[in-house]
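Hi,

Here is the structure I promised to pass on.

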Amino acid sequence: MHLRKLSLINFKNYPEAGLEFSIEANAFVGDNGSGKTNLLDAIHYLSLCKSYFNPADNQNIMHGAEFMLIQGTYDLNGVEELIHCGLKRGQRKVFKRNNKEYERLADHIGLLPVVMISPVDSMLITEGSEERRKFIDSIISQYDKSYLNDLISYNKIVAHRNALLKQFALSRSFDGASLEIWDDQLVPLADHLFVKRHEFISRFSPIFQQHYNYITEAKEEVSIVYESHLEAGNFAATLSSSLEKDRYMQYTTKGIHKDDLVFTSGAYPVKRFASQGQQKSFLIALKLAQFQFIREVTGVKPILLLDDIFDKLDDSRVKRLMELVSRDNFGQLFISDTHPERVQKIFHDIGIPIRVFEVTNGFVKSNPLPAAHEPA
Amino acid sequence: MNSFPSKIFEQAVNEFASLPGIGRRSAVRMVLHMLKQNPEEARRFGETMIRLTREIRFCKNCHNISDSELCSICADHRRDATTICIVEDVRDLLAVENTNQYRGLYHVLGGIISPMDGIGPNNLNIETLLEKLKTDTITEIIMALSATMEGDTTVFYLYKKVSQLNRPELKLTSISRGVSIGDDLEYADEVTLGRSILNRTPYESTLVR
Ligand SMILES: [Zn+2]
């Protein structure tokens, strides 16, 4: 699977752009703020129907414009696929595959797997549990269709249930039958999602450990621990025993919407004890494990988006990462960087031809693909 | 288009624009059209609107809109009074009626359960339904609610309430949901297609009679 062409209208700082890619490696090179990362984000949009950086769709439309358009031409198992994302200000997002509109965006997610590695990933460690749940969800939903549908239903039920708890508090009343119809639907969905998340973490954790050891060339014991209220067993019982608290707090205090991941190194949580360098290795290993996991489960090599990693990583980590990428288990690659010579040298060293696009303030100039390397 | 030469004109535009699906541009076109008509037609239009809100009634049996105590469907003795089709609102009732496939009676709930919109079972016509079901005349109720979480939840609630009536012979059915007629299977989403497989029907019943 790879992206052949990308065209943009009014996306972020691009009034208009048309790019044709190499099926191997592509680099967007330009100063900070030139818009090179926005090109990676456009590719992310086409796969997961949203920006990696800004969840407010309307803010991704170019300032002053009324609409935006992202179109990609993909090669999927030798068949051409045209993916279209259109958004008018204040209206709902429209996604089309070969000119046929999707009824639900969830139906598109998973068709074109993608993994982004970006400096903002540090939020996975520093921010609240929501970031870590998003990380799990974005991986599982790329290979398991029912997971995303169930998760959407689960979240909606929780929202209805919370609204009901608020109404009880406002009217100083309680209606058990009304609450029960939501609880009866919530419990099986929570059980199901818990099993899926649990399974995922137990398969994912060893892959992560393996990548971490490769990158750091160390034998440190790192792991990911899944924490959930559902570990206590019978979720229906948990729900009813927390009813008093829920009524007092006016929201649902127990459930998989409170799940978390704890990253540990040695015996310590990474949040507090790891050095900056360790944290970076941790994040890169997480993302590479994500890549390998999706590839193993779906049989498709995800598109890999590397945002600004040469600036943020030290040379030894970059070298290890590039050694990995140069093996044939990676697919199409997109990378953003501030220095054209640096990126060209790194890719020359690993023997992968790279197509370089020079980006200046929402304008892209593409350089011809360098001649293919002769096999040694 | 924000300021008009006449206040009366502007007021009329505002009234039309307050209707669902009518933007200001269309509202202006409608008001200009009104002005072109002869005064008698405009008067009739206005009076009909006033009568509509003053005189319309809701059927005491099914909550359909009606001119009298019982709506024309409930009053029609040729209809099958043993079957009740449960719909969210009058619009859905009209949709089922327009299929010309249904000869039973209806029950209009007046909405579906949705706490996020402040709608609970007490805001819906559920008590009158349960009251009706206590008698033996009704043998089947058909749930014709939207295939949304709120629609499903309402069906689930009604199912629980009806089960408590202790009328085991009462049949509870739901309209089938699945692949639309004329749709390519390849493009049907997994949830819909999965449901269609589970709710498959004997082929003979699909033959046009
Ligand atoms: Zn009636």
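In chain B, the C-alpha centres of domain 1 and domain 2 lie 36 Å apart. Domain 1 covers 7-55 and domain 2 covers 82-175; bounds like these come from an automatic or database domain assignment.

Before you go further: this is a predicted model, where local features need pLDDT of at least 70 and side-chain atom pairs count only at pLDDT 80 or more, while totals for chains, interfaces and linings use all residues. Residues are numbered from 1 along each chain as its sequence is written, and chains are lettered from A and ligands numbered from 1 in the order in which they are written.

Next, where the chains meet. The contact takes 16 residues from chain A and 13 residues from chain B (two residues are in contact if their C-beta atoms, placed from the backbone, lie within 7 Å). On the chain B side, helix 6 (149-163) and helix 7 (190-198) are the elements that give two or more residues, and helix 6 gives the most, with 4 residues. Helices (H or I, at least four residues) and strands (E, at least two) are DSSP runs, numbered from the N terminus. That side of chain B divides into 8 nonpolar, 3 polar and 2 charged residues; Ala, Val, Leu, Ile, Met, Phe, Trp, Tyr, Cys and Pro count as nonpolar, Asp, Glu, Lys and Arg as charged, and the others, Gly among them, as polar.

Now the inside. The largest nonpolar core has 121 residues, and A:Ala285 is one of those with the most contacts inside it. A nonpolar core is a set of buried Ala, Val, Leu, Ile, Met, Phe, Trp, Tyr and Cys residues joined through C-beta atoms within 7 Å. Buried means 20 or more other C-beta atoms within 10 Å of a residue's own, exposed means 12 or fewer, and partly exposed is in between, with C-beta atoms placed from the backbone. Helix 5 (residues 176-216) of chain A gives the most to this core, with 12 residues. Leaving aside neighbours within four places in sequence, A:Ala285 is in contact with A:Phe208, A:His211, A:Tyr212 and A:Ile215.

A:Leu148 sits in helix 4 (residues 145-171) of chain A and is buried, with 20 other C-beta atoms within 10 Å. Not counting residues up to four places away in sequence, A:Leu148 touches A:Ala106, A:Ile109 and A:Ser141.

Chain A also has an open sheet of 6 strands in the order 8-12-13-3-14-15, with mixed pairing. Two strands pair if DSSP finds at least two bridges between them. Strand 8 (114-117) and strand 15 (363-366) stand at the edges with a single partner strand each, so one side of each is left without a neighbour in the sheet. Further in, strand 3 (residues 25-29) and strand 13 (residues 333-337) of chain A pair in the parallel sense over 5 bridges, and A:Asn26 stands opposite A:Phe334 in strand 13.

Most residues other than glycine have a negative phi. Phi of A:Asp308, though, is near 55°; A:Asp308 is in the loop between strand 12 (303-307) and helix 10 (309-312) of chain A and is partly exposed, with 19 other C-beta atoms within 10 Å. A:Asn361 has a positive phi of about 45°. A:Asn361 lies in the loop between strand 14 (354-360) and strand 15 of chain A, and is exposed, with 11 other C-beta atoms within 10 Å.

Cheers
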